[in-house]
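Good morning. Please keep the picture open while I talk.

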Amino acid sequence: MKLAHLAAIAVVMMFSAPVSADDFPVVGTFTQKVACKGDGSDAKSALVKITPEQIESSFGICTIMDKQREGNKIRVQTSCKSTKGYVVDGDVIFTLRDDNKIDVEDQDNNYKNVLSPCPATPATGRSAGVR
């Protein structure tokens, strides 16, 4: 193999490395399509909770199988069980924005949304959003 090919492979591997739990800045509570008040009055259907292991929303619960980060984009491979009981597998792309919101889309561009971080909760003192 030529040196240029090896260098190209190394660059791809470096920028597509698996995401560690410490490098998953989308953990927290968010609302979809509307600003989060965080005072308990947000519609339950708008809430999205993300941990390094799963995404919980009005759609259902998605288990995160794999994470890859490249710059401000994080691709997560998910297996979701909807509230109606069916299972959907696929990739979701989170794009971190400068305004602390997160653009969300599926791999096929059939679904797009914007997540707004909820303010810090008194219990944890942590705020959600891009960190």
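**A lysine on the outside**

At 67% relative accessibility, Lys33 counts as exposed. For these labels, buried means under 20% relative accessible area, exposed means over 50%, and partly exposed is in between, with a 1.4 Å probe and protein chains only. Before going on, the sources: this is a predicted model, in which local features need pLDDT of at least 70 and side-chain atom pairs count only at pLDDT 80 or more, while totals for chains, interfaces and linings use all residues. Residues are numbered from 1 along each chain as its sequence is written, and side-chain values use heavy atoms, with hydrogens and water left out.

Back to Lys33. It has a positive phi of about 75 degrees, although it is not a glycine. You will find Lys33 in the loop between strand E1 (28–32) and strand E2 (47–50). Helices (H or I, at least four residues) and strands (E, at least two) are DSSP runs, numbered from the N terminus.

Asn100 is not a glycine either, and has a positive phi of about 75 degrees. Asn100 lies in the loop between strand E6 (87–96) and strand E7 (102–106). With 27% relative accessibility, Asn100 counts as partly exposed.

Take one pairing as an example. E7 and strand E8 (residues 112–117) run antiparallel and are joined by four bridges; two strands pair if DSSP finds at least two bridges between them. In this pairing, Asp103 stands opposite Val114 in E8.

Next, the inside. Of the 131 residues of the chain, 32% count as buried. The largest nonpolar core has 18 residues, and Phe24, Val26, Ile50, Phe94, Ile102 and Leu115 touch the most other members. Such a core is a set of buried Ala, Val, Leu, Ile, Met, Phe, Trp, Tyr and Cys residues joined through side-chain atoms within 4.5 Å. E2, strand E4 (60–70), strand E5 (73–82), E6 and E7 each supply at least two residues of this core.

Leu115 has contacts (heavy atoms within 4.5 Å) with residues including Phe30, Val48, Ile50, Phe94 and Val104, leaving aside residues up to four places away in sequence.

Last, the rings. The structure holds one aromatic pair. Phe59 and Tyr86 form it, edge-to-face, at 6.3 Å centre to centre and 75 degrees between the planes. Rings of Phe, Tyr and Trp (its six-membered ring) pair if their centres lie within 6.5 Å; planes under 30 degrees apart count as stacked, over 60 as edge-to-face and the rest as tilted. Phe59 is partly exposed at 32% relative accessibility, and Tyr86 is partly exposed at 43%.
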